[in-house]
Amino acid sequence: MIQPAIRDRLATMNTYFPGRWIGGVTLVLGPVVLCVGYLLRYLSSVTALTPQQQAWAEAQPFAAAGQLLAYTSDPALLTLSYAVFALGAVLLFPAFIALAQRVGGSLAFWGATLLVAGLFARLYFAGADQTAFQLTEVLGPEQATNAIMKGYVDISYGPWRVPVWASVGQYAGSLLLAVAAWRSGVFGTARALMLLLAGGTWVGVLKAASIPDVLVTVLLCVALIPLGTRVLRERPPAPTGRSKVLSW
């Protein structure tokens with residue numbers, strides 16, 4: 001038998017955005033797609049560049065130059081990796097909202113809000129990535145790289161530095177949501193730490209992924225997927241009275 005407090009939370013999840021189905025599915029798919037995105041971004045940099053090109057890219061002050069070089073070598077693979085990564089960020093938006101609703105309380109809501117702000121920043125960076133890649137098609141690799149690197153800081157920070165400040169929400173939000181999930185008992189200590197570690201991955205324009213980025217996102221999968229499957233399996237009681245609404 002479901003305890004009254006848990007039953008009330010389940011009814012809330014099924015009543016308000018994103019709902020049980022969207023929340024459960026994105027809790028499962030979101031971290032998986034993001035992890036695949038990190039893996040593809042790592043593999044694309046390794047396979048698209050020769051050892052000499054990799055050494056040159058590592059010697060540059062920013063990873064952007066190496067990513068642009070990798071794109072010119074294998075544009076299809078780089079486009080795939082960046083697209084999957086952006087899709088993972090989109091799917092995590094309702095997933096984090098669903099987690100906050102499951103946890104409940106202002107600490108969880110603040111954490112999810114800041115995390116979503118960080119996801120919005122990732123989408124801004126994805127737009128800047130795509131623009132940079134297309135410039136190599138129009139201007140040529142050398143001229144495009146020179147132009148992008150000259151304005152790289154301003155491109156990365158965005159207008160009025162809104163994107164870069166929003167990206168800070170990823171770090172603060174993962175801490176608040178992890179603490180709230182641990183305090184509520186939704187996550188144990190290990191899974192709360194997994195969520196916290198996953199919030200420490202890089203953000204920015206034309207960044208190169210690494211094996212640690214892939215590994216901490218695997219931990220995010222371990223933290224969120226069991227919750228997503230549980231949400232999908234549970235059948236919350238339908239809300240009654242004035243709170244009854246359609247749930248999709």
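Over residues 107-125 the chain is 100% helix and 0% strand, with the end C-alpha atoms 27 Å apart. Helices (H or I, at least four residues) and strands (E, at least two) are DSSP runs, numbered from the N terminus. Over residues 189-208 the chain is 50% helix and 0% strand. There the end C-alpha atoms are 30 Å apart.

The model is predicted: local features need pLDDT of at least 70, side-chain atom pairs count only at pLDDT 80 or more, and totals for chains, interfaces and linings use all residues. Residues are numbered from 1 along each chain as its sequence is written, and side-chain values use heavy atoms, leaving out hydrogens and water.

The protein chain holds 11 helices and 0 strands. Buried residues (under 20% relative accessible area; exposed is over 50%, partly exposed in between; 1.4 Å probe, protein chains only) make up 46% of its 248 residues. Contact means heavy atoms within 4.5 Å. Among contacts between residues at least 6 apart in sequence, 81% join residues at least 24 apart.

Two packed helices are described by the angle and the distance between their axes. The axes of H5 (residues 75-103) and H9 come within 9 Å and cross at roughly 35°. Axes are lines fitted to C-alpha atoms, for helices over the stretch in contact, with angles from 0 to 180 degrees between N-to-C directions. Phe96, Leu99, Ala100 and Val103 in H5 meet Leu177, Ala180, Ala181 and Ser184 in H9. The residues of this contact divide into 7 nonpolar, 1 polar and no charged. Ala, Val, Leu, Ile, Met, Phe, Trp, Tyr, Cys and Pro count as nonpolar, Asp, Glu, Lys and Arg as charged, and the others, Gly among them, as polar.

Ser174 also lies in H9 (residues 162-184). Ser174 counts as buried because its relative accessibility is 2%. Its side chain reaches the backbone oxygen of Gln170 at 3.0 Å. A polar contact is a pair of N or O atoms within 3.5 Å; within protein, one must be able to donate a hydrogen and the other to accept it, and residues adjacent in sequence count only if both atoms are side-chain atoms. Not counting residues up to four places away in sequence, Ser174 touches Leu115, Gly169, Leu195, Leu196 and Gly199.

Thr26 is found in H2 (residues 19-48). At 6% relative accessibility, Thr26 is likewise buried. The Thr26 side chain reaches the backbone oxygen of Ile22 at 2.7 Å.
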